[in-house]
Amino acid sequence: MASAEFGPDVLDVMFPRDGQDLAQQVPIDAFALGVDQKQEAACLAAVGFPAPGVTLDQESLATAAYGSATMPNLPLMVRTGTVGNLTSYRVPPGPEASMPQAERSAYVAMLGRCSRRAFSLGELMTSKSNLALVYEWDNAISAVQASAAVRALNARAAACTRHTAFSAGSVEAMYGAVILAGNRHLDNPSADAAAQAAGVRVMARCFGADIAYQARVLTAKRAAFFAANASAIHAILSQVNSDVARLERAGDAPRSVLTVGP
């Protein structure tokens with residue numbers, strides 16, 4: 001991914017309108033993870049150790065694509081039949097698994113030191129100068145979610161869910177009901193998947209209009225918000241694109257974007 005593409009993605013994550021905006025965290029995190037892995041591998045190689053294996057970060061990265069409890073990425077959930085709640089991770093053993101105990105201890109200690117040197121793109125996304133804008137947008141989201149129009153849509157959706165296994169009075173409560181239903185089957189992945197799929201169907205049928213309405217209102221509000229804060233938004237774009245371009249040159253970070261779902 002070219003650095004110039006990151007600015008709009010960062011704005012979507014910082015000032016989201018819906019779950020699809022929040023899903024832009026995935027390519028950002030994929031880039032950051034690539035930078036981290038490149039630095040960790042070089043740091044370990046300098047003392048004769050192999051690169052680390054697959055991490056939990058890599059396994060759980062895709063969950064960000066599903067948005068959040070209050071801003072679910074409904075199109076992706078419908079397409080995959082899940083809310084992205086991964087109840088187990090299959091992380092293969094790293095190179096340290098086959099090392100003698102003394103070497104393994106030294107490797108793990110060195111990996112910890114190397115990891116602390118690695119870069120996190122999250123540092124680029126917010127700063128003290130940006131936090132006031134982020135809080136202001138969060139307040140705008142809260143105002144929309146508490147509006148009379150959304151309360152009316154919630155009431156209609158609650159009536160729609162009343163005679164299902166996922167009774168809920170808000171988008172967040174609906175998301176929680178699906179998670180809870182899946183978690184009842186932690187020892188049975190097939191039953192967990194079936195429960196999540198059933199919940200997603202109810203969410204789409206009952207809360208689809210609610211989610212779409214909030215996204216439309218926030219899209220209009222964000223256009224005005226960006227216009228009112230044009231200088232600050234331009235500064236964020238410039239900072240992100242400049243810093244990411246520097247990292248691409250310095251670390252030769254991968255450009256690939258993680259894809260999720262079929």
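**Exercise 1.** Determine how close the N and O atoms of the salt bridge between Asp21 and Arg17 come.

*Solution.* The closest N and O atoms of Asp21 and Arg17 are 2.7 Å apart. A salt bridge is defined as a side-chain nitrogen of Lys or Arg within 4 Å of a carboxyl oxygen of Asp or Glu. This is a predicted model, in which local features need pLDDT of at least 70 and side-chain atom pairs count only at pLDDT 80 or more, while totals for chains, interfaces and linings use all residues. Residues are numbered from 1 along each chain as its sequence is written, and side-chain values use heavy atoms, with hydrogens and water left out.

**Exercise 2.** Classify Asp21 and Arg17 as buried, partly exposed or exposed.

*Solution.* Buried means under 20% relative accessible area, exposed over 50%, and partly exposed in between (1.4 Å probe, protein chains only). Asp21 has a relative accessible area of 5%, so Asp21 is buried. Arg17 has 21% relative accessibility and therefore counts as partly exposed.

**Exercise 3.** State which residues the salt bridges that share partners join into one network.

*Solution.* First, Arg222 forms a salt bridge with Asp21, with the closest N and O atoms 3.7 Å apart. Arg222 lies in helix H11 and Asp21 in helix H2 (residues 19-22), so this pair ties together parts 201 residues apart in sequence. Helices here are DSSP runs (H or I, at least four residues), numbered from the N terminus. Next, Arg222 also forms a salt bridge with Asp12, at 3.0 Å between the closest N and O atoms.

How values were computed:
Helices (H or I, at least four residues) and strands (E, at least two) are DSSP runs, numbered from the N terminus.
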